[in-house]
Amino acid sequence: MAVLLREDLATWQRLNVTAFLVSGLGSAFPEVIGEPYEDGDGVRCLSMFRQPVLVFEGTKETLRAAHARVLSRSLPRAVFTGDLFATGNDRDNRAAVRAVRTAALDLVGLAVYGPKNAVDKVLKGARMHP
């Protein structure tokens, strides 16, 4: 699992976009979710991903190229566009994405899931988030 963020996002936007994007992967692929946690007193906590989520950053062009590669490889993906910062609910989020053709999406984040070599190829040109 990997997330690619546009490098010009504010810190709060990076965190928000990452959280939204990985929620899409977890809901689509239940096998990536581990067992619930429990502390020494028996207090249960929710399950989390079984594996790390690598976070990368890149320019707008890097994001656009990665999006084209993920589409050409038909890998599972989640997108977050700049328009979603102005919406206030899930229904409006989906409508904002649907209103824009694929090539014109103002991508600020992309999450991808798949075999390591395929994900690496999609993220070519991106750098690990600092």
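By class, how many nonpolar, polar and charged residues does the lining of the second largest pocket have?

Analyst: This is a predicted model, with local features needing pLDDT of at least 70 and side-chain atom pairs pLDDT 80 or more, while totals for chains, interfaces and linings use all residues. Numbering runs from 1 along each chain as its sequence is written, and side-chain values use heavy atoms, without hydrogens or water.

The lining of the second largest pocket has nine nonpolar, two polar and two charged residues (Ala, Val, Leu, Ile, Met, Phe, Trp, Tyr, Cys and Pro are nonpolar; Asp, Glu, Lys and Arg charged; the others, Gly among them, polar). Of its 13 lining residues, Met-1, Gln-51, Leu-54, Lys-116 and Val-119 lie nearest the centre. Two elements give two or more residues to that lining, β4 and α4 (116-122), and α4 has the largest share, with three. The volume comes to about 200 Å³. (A pocket is an open set of points on a 1 Å grid where a 1.4 Å probe fits, with protein on both sides within 12 Å along at least five of seven lines; lining residues have an atom within 4 Å of a point.)

Phe-20, Val-79 and Arg-94 are among the residues lining the largest pocket.

Methods. Points joined across faces, edges and corners; volume = space filled by probe spheres on them. Helix = DSSP H or I, 4+ residues; strand = E, 2+ residues; numbered from the N terminus.
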